[in-house]
Structures are given as C-alpha cells and as structure tokens.
Amino acid sequence: MKMKKSIFAGLCSAALAASMIPVSAEGSETLFFEAVPSNVRILGRTVYNDDSLWLANSVSGVEFTVTGSQVTFDLSVSGDPTRIGIYLNGQLYQRGLISSKKGSVTVPLADGENTVKLLKLSESMQSELGIDSIETDKGASIKPTETKERKLEFIGDSITCGYGIDLPLKDPETGKNNTFSTVSEDASKTYAYQIAEMFDADANFFSMSGCGIWCNYGGNRDHTMEKYYTKSSLNTWNSISSSGYTLIQSFDWDFSQYQPDCIVINLGTNDWSYFGSHIEETDKFEESYIDFLNMVRENNPDAKIICTLGMMGADLYGNIGNAVDSYKTETGDEEVYTLELNPIDRDSEGYGVDYHPMAATNTRVAAEELGPFIAEVMDWKLGPMPDDGTLTHTPDDLVVGEYHEQPEDDNNSAEESSKESSSDSSQTSSGSESASSESSNSSNKAGSTINPNNSNQNPTTGLAGGMAMIALMGGAVIISKRKK
C-alpha cells in the first residue's frame, strides 16, 4: 500500500509540474492548453470527455487570465448552432453563433495580463459546445481566475434559458409571429444572470425549455427536472463523443464541486399546460414539488431556497405555497421562501418569441423584485447593474475562423515508449466521481506547442516529452492522452 501511495504521489506531482511548464518544440509559435482546472476556472456544470471540456447548460463556460498578443478557442459543436459570448477584461467582446461543427474564435489581447471569459448562451437541449483547446503565444501564461465569494444556483425552464429573448413576438415588417432558434436565445440577458452580476456572485444555471416539476409542457413526464437534477445536464440528444453515442446527462454531478449559498427555483409555468384543464389533480403537482424540495435540500444542505413563479403567469403559485408549507411542516426546514413575480407588461416591455419575456422584463424582475428579495433573505447588498455590454452590445458580431488541429512531435520517442503502460480514462466529468480533481486530469493539463508547418500532427505535441522528463525527476512515468 505504501508503495502504491508513493507511485500515485509521484504521478500527481509530475502531472502538476507538467501543467505549469509548457514544453517547446523547435520552430513552434503557438502554445495549446486544455480547458482543465489548472488552466481555467470552470463555470457551471460541465463534462470533460474525449480530451475536451463540454458545455451544455446555459452560461456554462470558462474564465482565466492570460498574457500574450491573442488567445484562440478551438471549439466543437454537437447539435444545433450554438450561441456564445466572449468577454475581455470585463466587457462583452463578441457574441454570436457557431454553426460549423468545428471552428475557432480569436481574441486580441492588450499588453500585460488580460481576463477572458467564454460563455455558452444557448441551452442544453439544443446543442453542446466542446472546448478542445485554448491557444496562446509561445511564452504566454494562463491561469484560472479566483472563485467568487457568493454562489447562486438557478433552476428553471425556458424563462431562465433566455428563450426568444432577442426577438419580438411578431416580425415588425411582416406582422407574422417569429419562431424560435438559438440565434434569439441568450441566458446572459435573463433575470438570473443579471442578479448574479449585481451580487458579484458565481451562478450555476440548470434550466431547459419546456421543463416542469410534475410534467413538461403539454403534459409529457419523460424529462422533468427531478430526473436530471443530480446529473451534469438536462436532457439532450446530442453526443459528446467522437466515437459511439455519449450523452452529457449520463454523467453524475458531484455537488461537492459547487455548494450554492442561495438556490432559486422558477418552475411551474409548463406544468400549467396540463393542470389548467385538470385543476382537480393539482395535488400531484404539490406532491412532486415537495419531493423536489427534498432532493434539492439533500444535495445542498446549507443553501437558502427561494421558490418563485409569475413572469409568464402565476396560476400554480398558490400550490407552490401549499407545497412549501407542507415541506416545512414535515421537515422543520425554515430556510425555504416563496415569492410571486409580476407578469410581463405587454405595453411597456413587450413579448418575445412565443410570448416569452424580453430583456426589459428580466431587468425589472432582477432590479425590483427577485434581486431585492434575495438581498433581504441573504443579508447581502444588491449592487447596480454592471455596464459590461451584455445588454447594450451591438448585434451578433462573432467571427468564427478555421479550426486548428493540435500537432504531434514525430521525434518524441518518450511518448511512443510510454504507450504500452497507458490506461485511457477518457470519460471524466468536471463535476462527477473522478472529475475535476487535479489527479484525474493529470495527463491533460500541460500546454503543447504547434509547428505551423506541420498541421496534420497529433494533438499532444511536446507534452509527452515534457511529462516524461518531469517523470524521471519525480520517479514516475506520466502518459499523455491523445485525441482520437
């Protein structure tokens, strides 16, 4: 046992060193980094699979500080076109769709240290976004930003996803109703994201259009919130594996990775599509709500929970109140609260696609209703809405470039000699059993260099050689994973 522990310690030490010491190849100009905790701060529930960090949930992403002249994200899309936002030094730099299956986005940097953030703005059901690598100049540095002191979680449906938030209900020219696509979805304009910004808090979103407590929109019960809350994502049909069919919701979420101070549940709007014509059955909704509260509390023992409804109608709000009262009586848990929100003001705020709230409604709810309520419950001070360009940025201007393959170093014999003893644990989640721990991703953290004259080489250039050298120093052999 002591021998095993010693070898494991050597592996971890060597891997950590490898993540901090990029290995250069002759003629290299660009350095590749993987989106793992040693390089970036991971935002939201994500999954690390096939050497890529996969984002599904709204406003999941990465944030880090970096030096150099520019930074490039090499991205993969599974499913529909994905809308993303790139922030540079606290300001929205670009926003738009990635419609190709693979592409890159490049951000020019100012002198010195810069803060860069990439967010997935569209929801899990539509598509997944994989961050395959992050490129910097040779000699540049990259490191994760600091976790924020306050933590929020928002559990919801299309309202929390920002469904149709960027298009009015009707096309002003044709008078016909606009239809939904990811081009009009932006979770960063929602009440939830705005509240997190005003509190300077981290926020995990767990939301899906059509989702409900007892049933989803139309009465379907196959993909309700309780079926996925302990997973890394809600329902999607898009594979995150280059071989086979791997769904992101098959990965469990490790709640120890993120324990929110306050959780907001904004569900019940879609349940009304069934109970509106089955009023006599609303006890089913209340029972399901109680069950879900127990699930949320079991996994978040110290969070204060706020149950809210009303932006698109508060028909089941009384039943939510009944459920919360019954739950508190049964459990003695007094840290659960209710708040009814005011609906969309048709005249002053207008409707978005399919009668959803637009940004104006979300801002009003954030600044005047739910934000102040959270401040009272949590004894936090609600700050002003940050002027970061999220609400004022010009129309979509994202520039998507050619995807850059990571190379391999054909002369690197260390990697070849180590292949025989490698074991590939390619499916790890940043939030599930072996995910996000420094040791489980040990072979994927280092920067690797690219020779611009050799574009068909394997993705882990120089990494294996550097890790082999460090392994010799640390008394262990570290094996680098290769993209399939």
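Leaving aside neighbours within four places in sequence, Ile 265 is in contact with Ile 155, Tyr 289, Phe 292, Leu 293, Val 296, Ile 305, Ile 306, Cys 307 and Thr 308, where contact means heavy atoms within 4.5 Å. The model is predicted, so that local features need pLDDT of at least 70 and side-chain atom pairs count only at pLDDT 80 or more, while totals for chains, interfaces and linings use all residues. Residues are numbered from 1 along each chain as its sequence is written, and side-chain values use heavy atoms, with hydrogens and water left out.

Ile 265 is also among the residues with the most contacts inside the largest nonpolar core, together with Ile 155, Tyr 289, Leu 293 and Cys 307. A nonpolar core is a set of buried Ala, Val, Leu, Ile, Met, Phe, Trp, Tyr and Cys residues joined through side-chain atoms within 4.5 Å, buried being under 20% relative accessible area, exposed over 50% and partly exposed in between (1.4 Å probe, protein chains only). At least two residues of this core come from each of strand E15 (262-266), H4, H5, strand E16 (304-309) and helix H6 (317-331), and H5 gives the most, with six residues.

| Core | Residues in core | Among its members |
|---|---|---|
| Largest | 36 residues | Ile 155, Ile 265 |
| Second, separate | 35 residues | Leu 92, Ala 366 |

Helices (H or I, at least four residues) and strands (E, at least two) are DSSP runs, numbered from the N terminus. In the loop between helix H4 (272-275) and helix H5 (282-299) lies Gly 276, which counts as partly exposed at 36% relative accessibility.
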